[in-house]
Amino acid sequence: MKRHLLALSIAALLALPGCRDNPNANLDARDQPSAAANGETDTGGSRKGDFGPPQGEPIEAVLTNPPLVPPAIDRDYPAKVVVNLEVREVDLEISEGVTYTFWTFGGTVPGSFIRVRQGDTVEFHLNNHPDSKMPHNIDLHGVTGPGGGAASSFTAPGHSSQFTFKALNAGLYVYHCATAPVGMHVANGMYGLILVEPPEGLPKVDREFYVMQGDFYTTTKYREKGHAPFDMQRAIDENPTYVLFNGSEGALTGDNALKAKVGESVRMYVGNGGPNLVSSFHVIGEIFDKVWFEGGTRFQENVQTTLIPAGGAAIADFHTEVPGSYVLVDHSLFRAFNKGALAIMKVEGPENPEIYSGKEVDETYLGDKAASMAPVAQAAAAAQAGTLSLEDQVKAGGALFAGTCSTCHQPDGKGLPGVFPPLAQSDYLAKGNDALINVVLNGLSGPVTVNGQDYNSVMPPMSQLTDDEVANILTYTLNSWGNPGGRVSKDEVAKVRASTERSEGAAH
């Protein structure tokens with residue numbers, strides 16, 4: 001017995017150094033699947049990513065604009081991959097009728113998607129367009145070297161820079177500009193993703209999409225029409241005007257929505273350019289089968305919402321079982337429904353009532369993206385030209401009403417009996433334009449009588465709406481559902497907004 005105890009003691013002592021070297025040695029193997037259990041090669045660490053010099057002729061990298069992803073790499077050897085990426089400073093729409101001066105890699109926000117293989121030698125060319133006003137560089141988080149390449153790629157307008165690196169670590173990595181002031185360059189849209197595939201590649205899927213979140217800071221209000229200049233103080237205060245997927249509100253909605261079919265496997269490469277906010281990425285109505293969290297080589301299973309830090313990324317896989325519109329959001333929900341962090345994936349195919357049965361109510365989640373927003377842009381253009389008609393306002397107001405108001409007041413304006421008062425043939429509308437504008441801007445709480453029926457509910461302040469949006473919604477209401485007609489102007493809304501105190505909870 002004494003010999004047996006002595007042997008156990010010696011074995012325990014011999015095991016201690018290994019435990020000190022491996023902080024996870026006391027974890028059950030089931031707590032963290034091994035690389036082999038995940039069907040992966042152990043690619044952890046830069047020392048395991050050098051597979052020797054490049055072989056064969058140099059390969060020109062295929063770069064794609066979001067939400068497209070380059071094809072999977074189909075080779076079993078390291079190569080020399082040449083990447084040519086152009087910096088362009090361009091004016092694009094950040095929202096309907098709102099332009100912003102973006103600084104971009106490749107002319108899009110996010111920048112072009114780059115795909116290489118672990119062990120590849122990447123010859124990187126950064127070209128700054130002659131029309132640019134600023135110098136730029138690039139910091140790729142997948143680079144091992146000073147500044148991730150930033151120290152070697154400072155490029156003046158009309159110039160090109162070149163550097164070379166070996167992709168030693170597999171994973172999904174952010175790249176961004178790192179020219180001072182760094183935050184401003186990133187806030188203006190200078191970020192993207194580079195995927196370094198492991199040697200055996202990733203598991204095959206039917207569809208791959210490229211989605212990247214960013215926060216934007218303007219001197220103007222959310223959706224205020226015209227050109228929106230960058231606001232440095234708001235950026236320092238971390239108070240964004242917009243939080244967006246792929247650089248603009250509506251970039252992935254309507255005709256631009258992501259598309260898939262029932263029964264397909266879907267992979268999303270999701271990045272967060274920041275520069276400030278952390279993303280709580282969620283797809284409403286789906287559960288991620290696997291998430292390679294922080295863009296690394298290990299995955300978690302059955303994930304509802306995944307946290308993506310600023311300057312980080314994740315790979316999310318799932319299957320589509322039921323048709324319908326699936327909404328991508330930052331689950332910090334005011335960002336989704338009041339700052340723009342919302343996208344749509346439309347899945348087509350046969351119904352499957354064994355998995356899901358019930359009616360689809362898109363308005364609740366889609367907001368004003370449930371309807372075409374083209375009338376809003378047309379009304380804004382007509383207002384700027386001085387030709388805004390009653391018909392323009394009604395059409396724009398209808399599109400805005402569909403998401404802003406219809407959830408409570410219902411698409412037919414009849415409200416919910418005993419809960420939300422009707423707007424259809426409502427005697428409350430006779431109170432006059434100023435009173436109606438005041439309710440929209442400052443909300444209404446407490447008892448109210450409409451068409452002889454008492455209501456006691458809460459309408460929150462909707463002062464995040466611009467003056468022309470309030471005017472168009474009210475004009476639509478006055479001219480719909482048998483109401484007597486009338487018209488509300490942008491100037492009337494501006495006057496009421498300026499003359500009333502900011503109510504509790506209001507945005508103005």
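Q: Before we start on this model, what counts as a strand here, and from where are strands numbered?
A: Strands are DSSP runs of E with at least two residues, and they are numbered from the N terminus. Please also keep in mind that this is a predicted model.

Q: Okay. Which residues does UniProt list for "binding site"?
A: The UniProt record, an unreviewed entry, lists His 136, His 141, His 176, Cys 177, His 185, Met 190 and His 331 under "binding site".

Q: Then what about His 176, is it buried or exposed, and which strand is it in?
A: His 176 belongs to strand 8, which covers residues 171-176, and it counts as buried because its relative accessibility is 15%, where the cut-off for buried is under 20%. His 141, by comparison, is partly exposed, with a relative accessible area of 32%.

Q: Which residues is His 176 in contact with, apart from its neighbours within four places?
A: Once those neighbours are left aside, the contacts of His 176 are Phe 105, Asn 137, Ile 138, Asp 139, His 141, Val 186, Met 190 and Tyr 191.

Q: Switching to helices, how far apart are the end C-alpha atoms of helix 6?
A: They are 17 Å apart, which agrees with the 16 Å that the twelve residues of helix 6 (residues 374-385) should span at 1.5 Å a residue.

Q: Which residues of helix 6 are buried, and why say that they line one face?
A: The buried residues of helix 6 are Pro 375, Val 376, Ala 379, Ala 380 and Ala 382. Seen down the axis of helix 6, these buried residues fall within an arc of 165 degrees, so they line one face of the helix. Gln 384 and Ala 385, on the other side, are exposed.

Q: What do the buried residues of helix 6 pack against, and what follows the helix?
A: They pack against helix 7 (390-404) and helix 10, while the residue that follows helix 6 is Gly 386, with a positive phi near 75 degrees.

Q: How about helix 11, which residues are buried there?
A: In helix 11 (residues 490-499) the buried residues include Val 493, Val 496 and Arg 497. Down the axis of helix 11, the buried residues fall within an arc of 100 degrees, so they line one face, and what covers them includes helix 9 (433-442) and helix 10 (467-478). On the other side of helix 11, Asp 491, Lys 495, Ala 498 and Ser 499 are exposed.

Q: Last topic, the backbone: which peptide bonds are cis?
A: One of them joins Pro 66 and Pro 67, with omega about 5 degrees, and Pro 67 is in the loop between strand 1 (59-60) and strand 2 (80-95). Another runs from Val 109 to Pro 110, with omega near 0 degrees.

Q: And what is the phi of Asn 246?
A: Asn 246 has a positive phi of about 55 degrees although it is not a glycine, and it is buried, with a relative accessible area of 8%.

How values were computed. Residues are numbered from 1 along each chain as its sequence is written. This is a predicted model: local features need pLDDT of at least 70, side-chain atom pairs count only at pLDDT 80 or more; totals for chains, interfaces and linings use all residues. Side-chain values use heavy atoms; hydrogens and water are left out. UniProt positions are given in the numbering used here, feature names are shortened, and annotations may be inferred rather than shown by experiment. Buried means under 20% relative accessible area, exposed over 50%, partly exposed in between (1.4 Å probe, protein chains only). Helices (H or I, at least four residues) and strands (E, at least two) are DSSP runs, numbered from the N terminus. Contact means heavy atoms within 4.5 Å. The arc is that of the directions from the helix axis to the C-beta atoms. The expected span of a helix is 1.5 Å times one less than its number of residues.
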